[in-house]
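Here is a short note for someone opening this entry for the first time. Please keep the structure in view while reading.

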Amino acid sequence: MKKAFIVGHPIKHSRSPLIHGYWLKRYGIEGSYERIDVEPVNFGNFLQIFHEQGFVGGNVTIPHKEAAFSRIVSRTERAERLGAINTLWVENGVVRGDNTDVLGFMANLDLSLGTGWEQDVDTALVLGAGGGARGIVAGLQERPLRRILVANRTLSKAQDLVRSLEARGAAILEPLAWEDLDRALPDAQLIVNTTSLGMAGQPSLQLDLARAPARAIVSDIVYVPLKTPLLAAAEEQGLRIVDGLGMLLHQAVPGFERWFGLRPEVTPELRALIVADLGAGR
Ligand code: NAP
């Protein structure tokens, strides 16, 4: 029986066990996926012993993604670019690390909007410059966009993000001051919120979406609630919307495939299961 984990601190609210548990059952695989709460001070030790404890690998979440990056030496190119690891597995006795957030976000955009959606997008506007934003900007850099604007409340963090990623891809990367957001909206055919604004318990994001282009796409990586006030406002405005749950579901696919040897499908049934769980507020 193969065992995988999700390690974080705290970890009890993670939906990942539900996602992987669904796939294990659906494909009749004898395996497990367990939540493990590890405090930062013990994380280095955990990385050294998980394989001996019978685990084939697992996911890493807040607050350990950067620590995993600095401790795991065998990393994929994507993990390298993001400076953070969210997926671990063992290959020929060596622990390897990847970051699947990029793939998750991009796969969800492609499936929600249909391939070729980039053709309508000249400029993308990414709000936020935290861990989530890095993955989104790196993913968008793999597509033929002309310009990616990164707006953040703390401008210096947007500048740092742009500086560290700008050598890759053809798109021009530009930091944007938070006060200039509304002024940039008429040029933004794709708007992505990666800040925690709009999340349950947080203030909502105030954007004057009437200034956005008529066929703009608005995406939010926050998924609690599923329809954030930003997405609700965009929908009301007749804009195309993409919610954050798809990213969470799709980022789980590569890990499951590595640990259990089968590429799982993100089905409407799986999505409904997680939506019901989010609704139950657990
Ligand atoms: P993070 O690294 O802590 O970054 C938080 C971002 O939000 C920063 O840019 C921060 O700006 C901004 N922010 C916070 N409060 C703000 C405010 N009052 N006004 C303006 N900006 C504010 O967090 P993260 O890991 O990127 O996660 C952000 C959100 O994305 C969370 O809700 C998380 O659950 C969600 N997420 C979803 C997925 C998914 O699979 N769908 C994946 C990753 C994250 P400053 O730099 O100025 O502080």
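**Ligand site and sheet**

1. Start at the ligand. A backbone N or O atom of Ser196 sits 3.4 Å from one of the ligand's oxygen atoms. Bear in mind that the model is predicted.

2. Two further backbone contacts deserve a look. A polar backbone atom of Gly132 is 2.8 Å from an oxygen atom of the ligand. At Gly244, a backbone N or O atom lies 2.9 Å from a ligand nitrogen atom. The ligand taken alone exposes 930 Å², and the protein buries 75% of that.

3. Next, the shell. Around the ligand there are 21 residues, of which Gly132, Asn152, Arg153, Thr154 and Ile221 come nearest. By type, the shell holds nine nonpolar, ten polar and two charged residues. Helices α6 (131-141) and α10 (245-251) are the elements that give two or more residues to it.

4. Now the sheet. It is open, with six strands in the order β9-β8-β7-β10-β11-β12 and parallel pairing. Strands β9 (172-177) and β12 (240-242) are at the edges with a single partner strand each, so one side of each has no neighbour in the sheet. From one strand to the next, the twist averages 20 degrees.

5. Three bridges join β11 (residues 217-220) to β12 in the parallel sense. Val218 has Ile241 of β12 as its bridge partner.

6. Finally, two helices. Helix α7 (residues 155-165) packs on the sheet and touches β8 (147-152) and β9; its direction makes about 175 degrees with that of β9. Helix α9 (residues 229-236) lies across β10 (190-193), β11 and β12, and runs at about 165 degrees to β11.

Terms used. Residues are numbered from 1 along each chain as its sequence is written. This is a predicted model: local features need pLDDT of at least 70, side-chain atom pairs count only at pLDDT 80 or more; totals for chains, interfaces and linings use all residues. Side-chain values use heavy atoms; hydrogens and water are left out. Two strands pair if DSSP finds at least two bridges between them. Helices (H or I, at least four residues) and strands (E, at least two) are DSSP runs, numbered from the N terminus. Axes are lines fitted to C-alpha atoms, for helices over the stretch in contact, and angles run from 0 to 180 degrees between N-to-C directions. Contact means heavy atoms within 4.5 Å. A residue is near a molecule or strand if one of its heavy atoms lies within 4 Å of it. A polar contact is a pair of N or O atoms within 3.5 Å; within protein, one must be able to donate a hydrogen and the other to accept it, and residues adjacent in sequence count only if both atoms are side-chain atoms. Accessible areas come from the Shrake-Rupley method with a 1.4 Å probe; for residues, only the protein chains shown count as cover. Ala, Val, Leu, Ile, Met, Phe, Trp, Tyr, Cys and Pro count as nonpolar, Asp, Glu, Lys and Arg as charged, and the others, Gly among them, as polar.
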